[in-house]
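Good morning, and thank you for coming.

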Amino acid sequence: MTDPAQTTDRRRETGVWSLIHAERAALAADLAGLTDERWATPSLCDGLTVREVLAHLTAGASLGTVRWLAGVIRCRFDFDKQVAVRLAEQLGATPGETLERFRRVVPSTTKPPLPAIAMLGETIVHGEDIRRPLGIRRGRPVDVVTRTAEYYRGTDLVVVAKGRIGGLRLVADDGPFTTGSGPLVSGPTLALIMAMTGRAAYCDDLEGDGVELLRSRCGTA
């Protein structure tokens, strides 16, 4: 007999993958036609260009658990080195090749040993790491960003988020997301997500007595 809870979990994960695929497709479309100079724009990820961040997303969508673990062992559990190695594998010889490689993984459901919601978060966050420096805006349904914010508020997996917002009260002004207690940080849900994950630039979109404390915590591990 099928376990109803397992069936619900599978349906939920299938729904998350459809959101991931939509995010990837939108990002690929947004980046079509960029000049080589624009591909070299510094992203919101320290030390990486927008092109390199896109290659990182391609790597994440190409790396299953076995290959991920093999790479971690080969890099002697230096996770930053593992990220750099996998990024270099997917960069390609030209920006056009970088974009084409990303297009090929748009429908992928391959992932490292992370929940699908973590992959959605990574796709949204890194997509904004690319878009904001390029001056590109993307609107999203409030339920998508709310779901992502709910994930990040409770985890420090991959990126510190839960620890970064300790002692602060976060309240979205465009949706139902709220968490924590303490000095207030309010603004768009997307800006809260980006600040939670360490992107200081998005603190400019936030208001409240807790904003400067949150800004001071951005960029910390």
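I shall begin with the basis of the model, then turn to the overall layout, the packing of helices, and the cysteines.

This is a predicted model, in which local features need pLDDT of at least 70 and side-chain atom pairs count only at pLDDT 80 or more, while totals for chains, interfaces and linings use all residues. Residues are numbered from 1 along each chain as its sequence is written, and side-chain values use heavy atoms, with hydrogens and water left out.

The protein has 10 helices and 3 strands; helices (H or I, at least four residues) and strands (E, at least two) are DSSP runs, numbered from the N terminus. Their order from the N terminus is α-α-α-α-α-α-α-α-β-β-β-α-α. Of the 221 residues, 46% are buried, where buried means under 20% relative accessible area, exposed over 50% and partly exposed in between, with a 1.4 Å probe and protein chains only. Helix 3, residues 50–60, is mostly covered, with 10 of its 11 residues buried. Among them are Arg51, His56 and Thr58.

Let us now consider helix 7. How does helix 7 pack with helix 8? Helix 7 (residues 116–134) and helix 8 (residues 142–153) pack at an angle of about 110 degrees, their axes 10 Å apart. Axes here are lines fitted to C-alpha atoms, for helices over the stretch in contact, and angles run from 0 to 180 degrees between N-to-C directions. Helix 7 is therefore roughly perpendicular to helix 8, a term that covers 65 to 115 degrees. The contact (heavy atoms within 4.5 Å) includes Ile117, Leu120 and Ile124 of helix 7 and Val144, Tyr151 and Tyr152 of helix 8.

Helix 7 also packs with helix 9 (residues 189–196), at an angle of about 90 degrees and with the axes 10 Å apart. Helix 7 is thus roughly perpendicular to helix 9 as well. Here Ile124, Val125, Glu128 and Asp129 in helix 7 meet Leu190, Ile193 and Met194 in helix 9.

Finally, the cysteines. How many disulfides does a search of the whole structure find? The search finds 0 disulfides, a disulfide being a pair of cysteine sulfur atoms within 2.5 Å. Cys203 is in no disulfide, and the nearest cysteine sulfur, that of Cys218, is 4.1 Å away. Cys203 is buried, at 1% relative accessible area, and Cys45 counts as buried because its relative accessibility is 11%.

Key: Parallel < 35°, antiparallel > 145°, perpendicular 65-115°, else oblique.
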